[in-house]
Amino acid sequence: MKNNEKLLLTLGETEDKHIPDIPPKKKNNRFLGWSAGIGACAAVAAIATAVALTPKSGMDINLTGDSSINPPESEQHELSEITSSTTTEQAPSDTLTDVHIYPYFSYETKTEDLQVLSPAVSFGATGFEELEFDSENGINNYIDNLNNPWTEDMELSSLPVFKNKVYDGWTSGAGVFICLSEDDMTNMAENTALLLNKEIVSMQTQKDMFISRSETENGYPTQEQFESAEIKVYEISAECDDDTRISVSGDGSIKITFNTPVQLPDEYNFNDTNDSIKSTEHLAEQYSTLLQYDKPDFFLKSGYNCVYDKNSDDVRAILNYNLSLTRFCETDSALTIIYIDNHFCSSEYLGDYPIINYDSAKQLLKEGNYITSAPIEGEISDDMIAAGELVYRSGSGQNEYFMPYYRFYVLVDENNSTSEYNYAALYVPAVSSEYLTDMSVWNGSFN
Amino acid sequence: MEDELIVELYWKRSENAISESRTKYGRYCGAIADNILHSREDTEECLNDTWMRAWEAMPPNRPNRLSVFLGKITRNLAIDRYRKRNAEKRSKGQVDLCLDELAECVGTEETLDDDIALKEALNSFLEQLDQPAKELFMLRYWYMFPIKEAAKRCKLTEGAAKMSLKRTRDRLRLWLEQEELL
């Protein structure tokens, strides 16, 4: 081996004490995604969030009347009833209209006798939520790329809140995201293969300990609980005949890995925003049988090329955007992974809760009533607030409820010498305060 | 979760050790792999291999600094993957750039054949190196950050970082010569 190669490799074996820690923030001239706070922040504040559902065609939401998401009567079924009609012969796409990956999610609109929420949100696995740009306009481009269907001028008086059924299973050290049965996951994998026109050749299950969070002290199981923990299936992996792998997790999320990447035609690439959107549109069209979106819309977020079903109903569009979406991953203009998230199958509808408007939330923000994982101190002034949007935070293990928040992007560190602009994400619950208890105000400290 | 608890999960053969490692150190190890591989797909595969290697390594190992322990595994796997991937083509990645810079220091002959002595010499060299120079040197040649990125992290201009790295490489060459390794 050449001396320079030997030196480079041997440097990797030097004593740990010589290897510096690297700060969580990585400087760059593009959006880097939410920065991970390495080794920091098990921050637990108040309030919930989360993941959601994907209404299918035929569902109906009527905000002025019976605000429910309902499939036609004949199409309502439980998850366990969704079975693949065949896995041995590939059905032509026109026979797949009755095959769905996820069950219909429906509820009767509830606006009275709403339970008061005392939700918990953990930022522990998320780390610092900061965005970094090298120009003042970077945040605006970022917001544009998000293409959030929510707009400030929407006249929304209430929004649905859901209980995250996976949350209780996520405990420190012995938690897995499970709310689906092994049969449910198997059926979903089979239906995904069917819709992809692929044949499953083998199926594997992943098992792990399951300890209910509610049975632990602050989420930390005891040694006895470790030793007596129930073992459950938390993931099904189906290997297909063409080297594609379909993995279904216990929270309903699906990962389709193309071990042989699917090359896009020459005219498609991901070189810039416009090209990425155009290529995502192409992929959504190519996989329309799988996605079954009536009105696909597209956005770019955290390096992912995303598509969701933008319904003409505002609420439904907001829910789908946040809680039911598909992400395409590419390398060198070849599709490598499809992620399908659908939190509706792990949610329980609690009711439509009154919400505050954007201006009220902004006022609360300036008064210090927000939560965040970012180390921010001092008062928030108008000129620090670069933008805001309404979101449902998702994160199966971090949010007890899926509920709306106003997320504000606040300038926290401006360094003109290096042309860098850093923004922290600060959350103000959109649910009216009379339905919230024990809301802690994030104090900017860690651990 | 605290590192000690994660390590304990490995020793208990709980697969949650992997998910906790991925949650806490996925971005950290991902940054190391991405510096070397510049490919999202390769990085993801490298990370998956990292967790499996960690699973095989604990027990018997019980690292004091889990981050560095996992980072070393990632670094080795990424370099190995990089060398295989680029065996038949020229590349302009950070690995090649680092190798070019280190070639100025130790050349490209095949004379460094005493692995143990080299490792000891490197440790003693780093021991006596002043902290700012050492940090920059390791950001460049351990994490393989681009010089511009390493300079930013050390709050230096790119030119100052290049100068510092050159001086450190020169000192390393002298050190290895004194140790009769070159």
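1. **The contact between the chains.** In this predicted model, chain B gives 64 residues to the contact and chain A gives 57 residues. Chain B and chain A bury about 5300 Å² between them. Of that area, 54% lies on carbon and sulfur atoms.

2. Five salt bridges are counted between chain B and chain A. One of the salt bridges joins Glu127(B) to Lys17(A). The closest N and O atoms of Glu127(B) and Lys17(A) are 2.8 Å apart. Polar contacts between chain B and chain A come to 22 residue pairs, both residues being at pLDDT 80 or more.

3. **What chain B brings.** The elements that give two or more residues to the side of chain B touching chain A are helices of chain B: H1 (3-11), H2 (16-37), H3 (40-57), H4 (66-85), H5 (94-106), H6 (115-128), H7 (131-141) and H8 (147-153). Which helix gives the largest share of that side? H2(B) does, with ten residues. By residue type, the side of chain B that touches chain A divides into 28 nonpolar, twelve polar and 24 charged residues.

4. **A sheet in chain A.** Three strands of chain A form an open sheet. Their order is S13-S4-S15, and the pairing is antiparallel. Strands S13 (347-354) and S15 (401-402) of chain A each have a single partner strand, so they stand at the edges and one side of each is left without a neighbour in the sheet. In general, the strands of a sheet pair through backbone hydrogen bonds.

5. **The pairing of S4 and S13.** Strand S4 of chain A covers residues 158-164. S4(A) and S13(A) pair in the antiparallel sense over seven bridges. Take Leu159(A): which residue of S13(A) is its bridge partner? The partner is Tyr353(A).

6. **A helix on the sheet.** Helix H7 of chain A, residues 314-323, packs on this sheet. H7(A) touches S4 and S15 of chain A. The direction of H7(A) makes about 35 degrees with that of S4(A).

7. **Salt bridges overall.** Over all chains, the count comes to 25 salt bridges. Among them, one joins the side chains of Lys198(A) and Asp242(A), at 2.5 Å from N to O. This pair links distant parts of the chain, 44 residues apart. Where do the two residues lie? Lys198(A) is in the loop between helix H3 (182-195) and strand S5 (200-210) of chain A. Asp242(A) is in the loop between strand S6 (230-240) and strand S7 (244-249) of chain A.

Terms used: Residues numbered from 1 in each chain as written. Chains lettered and ligands numbered in written order. Predicted model: local features only at pLDDT ≥ 70, side-chain atom pairs only at ≥ 80, totals over all residues. Heavy atoms only, no water. Pairing = 2+ DSSP bridges. Helix = DSSP H or I, 4+ residues; strand = E, 2+ residues; numbered from the N terminus. Contact = heavy atoms within 4.5 Å. Axes fitted to C-alpha atoms, helices over the stretch in contact; angles between N-to-C directions. Buried area = accessible area lost by both parts, 1.4 Å probe. Salt bridge = Lys/Arg side-chain N within 4 Å of Asp/Glu carboxyl O. Polar contact = N/O pair within 3.5 Å; in protein donor to acceptor, adjacent residues only side chain to side chain. Nonpolar A, V, L, I, M, F, W, Y, C, P; charged D, E, K, R; others polar.
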